[in-house]
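Trainee: I would like to learn how to read a sheet and its surroundings. Please take me through an example.

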Amino acid sequence: MELPVLNETPAASAGGCSSHSCGSSDDQLGHLSDEIRAKVENHPCYSEDAHHYFARMHVAVAPACNIQCHYCNRKYDCSNESRPGVVSELLTPEQAVKKTMAVAANIPQMTVLGIAGPGDPLANPERTFETFRRLSQDAPDIKLCVSTNGLALPESVEELSKHNIDHVTITINCVDPEIGAQIYPWIFWENKRIKGVKGAKILIEQQQKGLEMLTARGILVKVNSVMIPGVNDKHLAEVSKIVKAKGAFLHNVMPLIAEAEHGTFYGVMGQRGPTQDELMDLQDACSGDMNMMRHCRQCRADAVGLLGEDRGDEFTMDKIEAMEIDYQSAMEKRKVIHEAIAEEMHSKRAAKVEKAASHADEPKLNTRPVLMAIATSGQGVINQHFGHAKEFLIYEASPDGVRFMSHRKTDLYCSGDDTCGDGESVLQRTIRALEGCEVVLCSKIGYEPWDMLEQAGIQPNGEHAMEPIEDAVMAVYKEMAAAGKLDESNAEQRATA
């Protein structure tokens, strides 16, 4: 079956899903029951496959928060920042429902509506649950999700279970109150502000209780953790073990965002975020005990579109008020497109299994791993010009196969106009963002970036345009092995270069 055209506007192809892992890999999800796999297969934030095809959106209806985090600073009307807590429009429940239906009608591959702020949704229960109640009635084909710090979670579980909500994210940064006191200066609990270790202890207890209550009701729980070097980085492997034991099925370890210009306590005090290597090492350390999510965008509280893009400017309330939405017709269109996507996903998955089986008897390479950067605008293929990429997917190829490692954001090098190629400083920043990679795979690349990448020890490659990412990465890896580029002496030369 031919897949229908999914991007309804040019903006959809301009951004796109730029991370291969929206959750974990097929192998990591393979142990899950059919019931759970069915719940996540079209959820772009829980399924690796789904994020290539399906979109999500957040509605900002929850302004208040019941805890203070040293890494958080909620901002309004800030269109140039992409991080949690930032929004351009605070919505009423009625506006949120109208916006959701408008987005779902215009971006038919949108499957998920989440409330994630800009404060804590469960610290704003009336606004949050009124939004969910209306959406359950008016847009029953949309999955509903909520993200919370967990302080008010136990008292909200019963209400959450009434509204077609089968996915909840809890941010759990520690299970030790002494560490928690370094992250949370206070919580607001039972009409009192409670500081330090005492407040952190209450928060941790509520988070763990809420996690157990959710999983007992069959609600899927993803745990988010912010990696803060020198504070909780050595502790998060223990967090991963504990939340897995209590039923969470996915763990997302995210890097601290601590630039001073964001105005957070950590930013002002000079607390650094983790390096790419530190983050990947910690994710690997946790992955032995928990399915790891490596794709996270740390999205705005009003994000719209595929992961890695934000189409929020297309759906401001003034524009939505002028739209005529026939949601019944939209649901029929969405159903056809979702079925076509599911068929393509299943077909690709079956082909991948068949291909792996056909190569099962091939001798295993005795070579070192290689990191490769991929420019893609979605659908799991190499389909983006190097200069148009806002971020790159980082894959590791090794004798054991190909796995997604992370995404790395970068400035847009080429805008596609007459100045394309003139932004040397931006290009240099892009190349620095790709440190550690040996290959860049893209659909096209200009002469100037080609030369500069080669000078930086990164080989550009435009020979695999429109090919599936993992197939192309392994093909290039085998070419490198055949050319003798993957022996240990070569690795030592790169390390001392």
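Mentor: Strands (E, at least two residues) and helices (H or I, at least four) are DSSP runs, numbered from the N terminus. Two strands pair if DSSP finds at least two bridges between them. The model is predicted: local features need pLDDT of at least 70, side-chain atom pairs count only at pLDDT 80 or more, and totals for chains, interfaces and linings use all residues. Residues are numbered from 1 along each chain as its sequence is written, and side-chain values use heavy atoms, with hydrogens and water left out.

Trainee: Which strands are joined to β15 by bridges?

Mentor: Strand β14 (residues 370–374) runs antiparallel to β15, and five bridges join them. A397 stands opposite V402 of β16, and S398 has G401 as its bridge partner. A hairpin of two residues connects β15 to β16.

Trainee: Is β15 enclosed or open to the outside?

Mentor: Start with the general idea. In a regular strand, side chains alternate between the two faces of the sheet. Buried means under 20% relative accessible area, exposed over 50%, and partly exposed in between (1.4 Å probe, protein chains only). In β15 (residues 391–398), eight of the eight residues are buried, so this strand is largely enclosed by the rest of the structure. Both faces are covered: E391, L393, Y395 and A397 are buried on one side, and F392, I394, E396 and S398 on the other.

Trainee: How is F265 classed, and where does it lie?

Mentor: F265 lies in helix α10 (residues 265–269). Its relative accessibility is 42%, so F265 counts as partly exposed.
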